[in-house]
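Colleague: I am new to reading charges in a structure. Please take me through it step by step.

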Amino acid sequence: MHCEGEKEIGFEEALKKLEEIIEELEKGELPLEETISKFEEGIKLCKLCREKIQKAEMKIEKLMEDIK
Amino acid sequence: MLRKILRVREVVSFIRDAIENANLNDIWVEGEISNFKEVVGISYFDLKDEEALLRCVHFSPNKENLKNGMKVIVKGDIGIYEKKGYYQLYVKEVKTHGIGELFIKFIELKEKLKKEGLFDEKFKKEIPKIPSKIAIVTSPDGAVLHDMLNIISRRFPTNILIAPVRVQGEGCEEEIVNAINELNKRKDIDLIILARGGGSWEDLQAFNEEKVARAIFNSHIPIISAVGHETDFTIADFVADKRASTPSAAAEMAVPNREEIISLLHVFEKRLVKVVEEKINLYGRIIEGVMKRKTFLHADELILGKIEDLEYKIERMEELSKRYIENMKNTINIRFEILNAMSPYNILNRGYSICFKKGNKVVSSVDDIYIGEELRIVVKDGDAKCIAKEKKKLDLKKH
């Protein structure tokens with residue numbers, strides 16, 4: 001994720017997309033080129049998810065609004 | 001029907017049908033215990049009020065320590081014991097503590113909201129598998145919040161927003177409702193945990209309030225409710241999208257275990273690689289299959305064969321053209337000889353001469369010659385001018 005303006009895909013979304021890609025590939029109906037390009041996309045998503053997990057940290061904030 | 005004489009079993013059966021149709025199942029009944037006895041692990045007693053009495057049986061030893069005179073509320077089904085000819089309440093639950101106004105209110109509200117459909121499965125929202133920001137509505141003091149944060153941090157660190165509220169005491173339900181509503185105004189929260197630690201039935205009352213139930217129902221952000229101990233069920237628990245038996249359980253429900261996700265990713269990677277490998281192998285096998293065919297295996301033989309063919313043809317062509325040229329040469333030679341033989345110069349070489357008259361006309365007959373005419377005689381090495389002196393014609397018939 002090098003360009004700042006790009007909307008980063010959420011973690012859960014990424015995992016879901018990854019699962020979809022794998023299921024589509026496992027159906028085996030794609031031609032070789034598409035297989036390879038989807039494979040690359042899948043690997044990229046894996047990497048992205050791994051990164052997000054490594055970087056995950058807990059940020060705690062308190063609700064400031066007056067709820068009393 | 002009343003005309004014929006009925007059997008006992010028919011009457012009792014009739015009554016049983018009537019009771020079953022009345023559908024007095026899962027009903028709560030309050031009353032005072034009398035005639036209590038426990039026999040072989042089964043509790044028998046009557047529930048009574050000022051005007052009536054209801055026989056009860058509870059297939060359970062006296063865990064609640066029931067005594068005659070105690071005011072209780074029991075839950076059960078009305079059924080008929082045909083052999084003995086009486087109906088009774090088959091008890092499923094007995095409540096001795098926290099009864100009275102509070103409990104009655106609880107039961108009544110529960111029934112009311114259930115009828116309205118607030119507890120229906122179809123309204124329950126899915127909670128995100130991996131939330132990006134969790135809001136926790138709970139008391140800021142105490143171990144509950146601390147424990148939840150620990151668990152979340154250990155399992156899968158996520159962004160947390162704490163909405164501090166009082167979880168018991170006068171008017172605290174307002175704070176809870178406000179917190180839920182405020183959180184719903186935001187766009188960054190994808191999960192709310194409503195939590196409160198264990199306490200007495202009275203302490204948990206805020207979570208049995210109607211306005212809290214409605215705030216939970218109306219929340220478009222999914223809510224996990226975790227109130228009290230494992231066995232405590234409040235109305236909030238019934239309305240919420242998910243119920244956790246304790247706040248710690250809620251924290252575990254809210255986020256996945258990091259390790260699990262890492263394993264999952266690992267498996268995903270393996271599957272990806274496997275699919276591509278298989279695809280490549282498949283194509284490899286297809287190519288192999290094609291290459292095994294004669295055309296490929298003996299390609300060099302076939303090509304060599306063709307080359308030999310070609311070479312042979314070329315040889316033949318060379319031969320044929322040589323021969324043709326030879327033939328031509330011969331033909332030309334022969335013709336040349338013939339021509340040569342017919343050439344006048346040949347005649348001259350043989351010693352003959354050619355006679356020309358004026359105008360380079362060849363003299364081939366005596367008739368062409370005039371006496372005194374100038375003639376030119378050509379021999380092989382030159383020519384001479386002559387004058388015809390006399391002529392004599394031959395009689396060719398003689399020859």
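Colleague: Is Lys393(B) buried or exposed?

Modeller: Start with the cut-offs: buried means under 20% relative accessible area, exposed over 50%, partly exposed in between (1.4 Å probe, protein chains only). Lys393(B) is exposed, with a relative accessible area of 57%. A word on the source: this is a predicted model, where local features need pLDDT of at least 70 and side-chain atom pairs count only at pLDDT 80 or more, while totals for chains, interfaces and linings use all residues. Residues are numbered from 1 along each chain as its sequence is written, chains are lettered from A and ligands numbered from 1 in the order in which they are written, and side-chain values use heavy atoms, without hydrogens and water.

Colleague: Which side chain does Lys393(B) meet in a salt bridge?

Modeller: The general idea comes first. Side chains of opposite charge can pair when their charged atoms come close. A salt bridge is a side-chain nitrogen of Lys or Arg within 4 Å of a carboxyl oxygen of Asp or Glu. Here Lys393(B) meets Asp367(B), at 2.9 Å, N to O. Lys393(B) lies in the segment after β14 (382–387) of chain B, and Asp367(B) in the loop between β12 (361–362) and β13 (374–379), so the pair ties together parts 26 residues apart in sequence. Asp367(B) is partly exposed, at 47%.

Colleague: How many salt bridges are there over all chains?

Modeller: The search finds 30. One of them joins Arg271(B) and Glu26(A), at 2.9 Å. That pair crosses between chains, from helix α8 (residues 258–292) of chain B to helix α1 (residues 11–27) of chain A. Helices are DSSP runs (H or I, at least four residues), as are strands (E, at least two), numbered from the N terminus. Arg271(B) is partly exposed at 25%, and Glu26(A) is partly exposed at 39%.

Colleague: What is the distance between Arg376(B) and Asp383(B) in their salt bridge?

Modeller: It is 2.6 Å, N to O. Asp383(B) is partly exposed, at 45%. Salt bridges can also share partners: Glu61(A), Lys133(B), Arg186(B) and Asp188(B) are joined into one network that way.

Colleague: Which side chain of opposite charge is nearest to Arg155(B)?

Modeller: Lys and Arg count as positive, Asp and Glu as negative; His and the chain ends are not counted. For Arg155(B), that side chain is Glu252(B), 4.6 Å away. Arg155(B) is buried and has no salt bridge. A polar atom of the Arg155(B) side chain does lie 3.0 Å from the backbone oxygen of Val255(B).

How values were computed. Polar contact = N/O pair within 3.5 Å; in protein donor to acceptor, adjacent residues only side chain to side chain.
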